[in-house]
Amino acid sequence: MKYLHLIWAALFRRKTRTILTLLSIIMAFLLFGLLDAVRVSFAEAGQSANGAERLQTGAKLSFIQPLPKSLQQQIAQVPGVKDVAHANWFGGAYQDPHNQIFTFAVSDNYLDVYPEVEVDPAERKAFDATADGVLVGDILMKKYHWKVGDRLPLQSQIFPNKEGSKNWSFQIVGTMKSKDNKAFQSQMIVLHWKTFDETTPYNRGAVGWYVSRVSDVNQSDRIAKAIDALSANSDHETKTQTEQAATRNWIKQMADIGLIVTSIMGAVFFTLVLLTGNTMMQAVRERTNELAVLKTIGFSSRKVLGLVLAESVLLLLLGGLVGLALVSLIGAALPAMSGGMINGAHVGAKSWGLGVALAVAIGLVVGAVPAIRAMRLNIVDALAGR
């Protein structure tokens, strides 16, 4: 802290250059924080107290392979299973084929295994009584300005109806809400499996996957093995896993989020090293005479080395801390921007620690070469302009 004023003065010697460099660092760490929020959101998908009570059973060979509906009754008889529901992927799109919405055909008791999802009792009753009725997540209702009673045209990317068209029409009879703002149902649509099965000629009683709610989470492994044993050595062998594991595997089918985030951040920080390294080299080159004067008045080579390194680290720390702080400020807008996929962004202790460590490490790396050059500076040559 003794030489902080000296370091600060050197850092802002060229204010325009320093401010522009700081803005680049802030943006890099802002991107780091937001991407880390994306990674954490996907990593925590399905991780909740209610989710721990659920197991998902799908085909062992491929998640697109259907399972027989008769398996539901057998799963329900496994000791430790409280309730079993089933669902099928529908693949709905609204207005534009590229505007896909998570849409599932579900059994009548599907919402019973998701106690964290709230539906008004009257709307639930209307859903049970309406063959072409659908329940829509409240996030989607707000996004598309739908209301209960509207006719909802959806295009299935997979299943045609009886007329051979992939254009379906449903009636919105209710809204699904999440008690903890984390349930995936807040951003999806559910329709009756029975209506779906009777309408499309391509399903014929098949089930996409089963969701089982267990009475004791400590017995989940045993129950999962017992469920899979029901179809062992058959043409529809199953793989049962926790909801969190199933969600992670499903996400990996679309993309390796961790690899994507790491690749983007690697490119960003590599560019940042080049940018800040160039800034520090220019700053030291412009102050060659000043550094020589410092050595002349008694500053040792090690002190000069420390001053340049401290300047570099301070530059990265200032930008990094501001960037990470901005993540928390704009994180509240992420759920709306992502359609609810990301449940807000906050910089936790691990993110702060990693961010500060990166700032210090990059500061030391980019400051190393100019600092060593300053340390080895010959006073006579520097003052002579050589």
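The model is predicted, so local features are given only where pLDDT is at least 70 and side-chain atom pairs only at pLDDT 80 or more, whereas totals for chains, interfaces and linings use all residues. Residues are numbered from 1 along each chain as its sequence is written, and side-chain values use heavy atoms, with hydrogens and water left out. The protein chain contains 14 helices and 14 strands, where helices (H or I, at least four residues) and strands (E, at least two) are DSSP runs numbered from the N terminus.

**The chain as a whole**

- Of the 386 residues in the protein chain, 45% are buried; buried means under 20% relative accessible area, exposed means over 50%, and partly exposed lies in between, using a 1.4 Å probe and protein chains only.
- Among contacts between residues at least 6 apart in sequence, 78% join residues at least 24 apart, a contact being a pair with heavy atoms within 4.5 Å.
- The protein chain exposes about 19,900 Å², of which carbon and sulfur atoms supply 59%; accessible areas come from the Shrake-Rupley method with a 1.4 Å probe, and for residues only the protein chains shown count as cover.

- Helix H13 covers residues 349-375, and its 27 residues should span 39 Å at 1.5 Å a residue, which agrees with the 36 Å between its end C-alpha atoms; the expected span is 1.5 Å times one less than the number of residues.
- At Ala368 the helix H13 bends by about 45 degrees, and the proline Pro370 follows within four residues; the bend is the angle between axes fitted to the seven residues ending at a residue and the seven starting there.
- Buried residues in H13 include Ser351, Gly355, Ala359, Ile362, Gly363, Val366 and Gly367, and Pro370, Ala371 and Ala374 are also buried.
- On the surface, Leu321, Val356, Val360 and Leu364 form a nonpolar patch with about 270 Å² of accessible area together, and the largest share of this patch, 3 residues, comes from H13.
- Patches are made of residues with over 30% relative accessible area and no salt bridge, with like charges joined within 9 Å and nonpolar side chains (Val, Leu, Ile, Met, Phe, Trp, Tyr) within 5 Å.
- Val360, which has its place in helix H13, counts as partly exposed because its relative accessibility is 30%.

**Salt bridges**

- The structure holds 7 salt bridges, each a side-chain nitrogen of Lys or Arg within 4 Å of a carboxyl oxygen of Asp or Glu.
- One of them joins Arg213 and Glu53, with the closest N and O atoms 3.1 Å apart; this pair links distant parts of the chain, as Arg213 is in strand E13 (residues 209-214) and Glu53 is in the loop between helix H2 (15-43) and strand E1 (54-59), 160 residues apart.
- Arg213 is buried because its relative accessible area is 17%, whereas Glu53, at 22% relative accessibility, counts as partly exposed.
- Arg54 and Glu243 meet through their side chains in a salt bridge of 2.6 Å, N to O, which links Arg54 in strand E1 with Glu243 in helix H8 (residues 243-254), 189 residues apart.
- Both Arg54 and Glu243 are buried.
- Arg151 and Asp132 form a salt bridge whose closest N and O atoms are 2.9 Å apart; Arg151 is in strand E9 (residues 151-156) and Asp132 is in the loop between helix H4 (121-129) and strand E8 (133-137), 19 residues apart.
- Arg151 is partly exposed, with a relative accessible area of 47%, and Asp132 is partly exposed with 25%.
- Salt bridges that share partners join Arg54, Glu116 and Glu243 into one network.

- Leu30 lies in helix H2 and counts as buried at 11% relative accessibility.
- Phe104 lies in strand E6 (residues 103-106) and is buried, with a relative accessible area of 8%.
- Beyond its neighbours within four places in sequence, Phe104 is in contact with residues including Trp89, Phe90, Phe184, Met188 and Trp209.
- Thr175, in strand E10 (residues 167-178), counts as buried at 13% relative accessibility, and its contacts, leaving aside neighbours within four places in sequence, include Glu118, Glu123, Asp138 and Met141.
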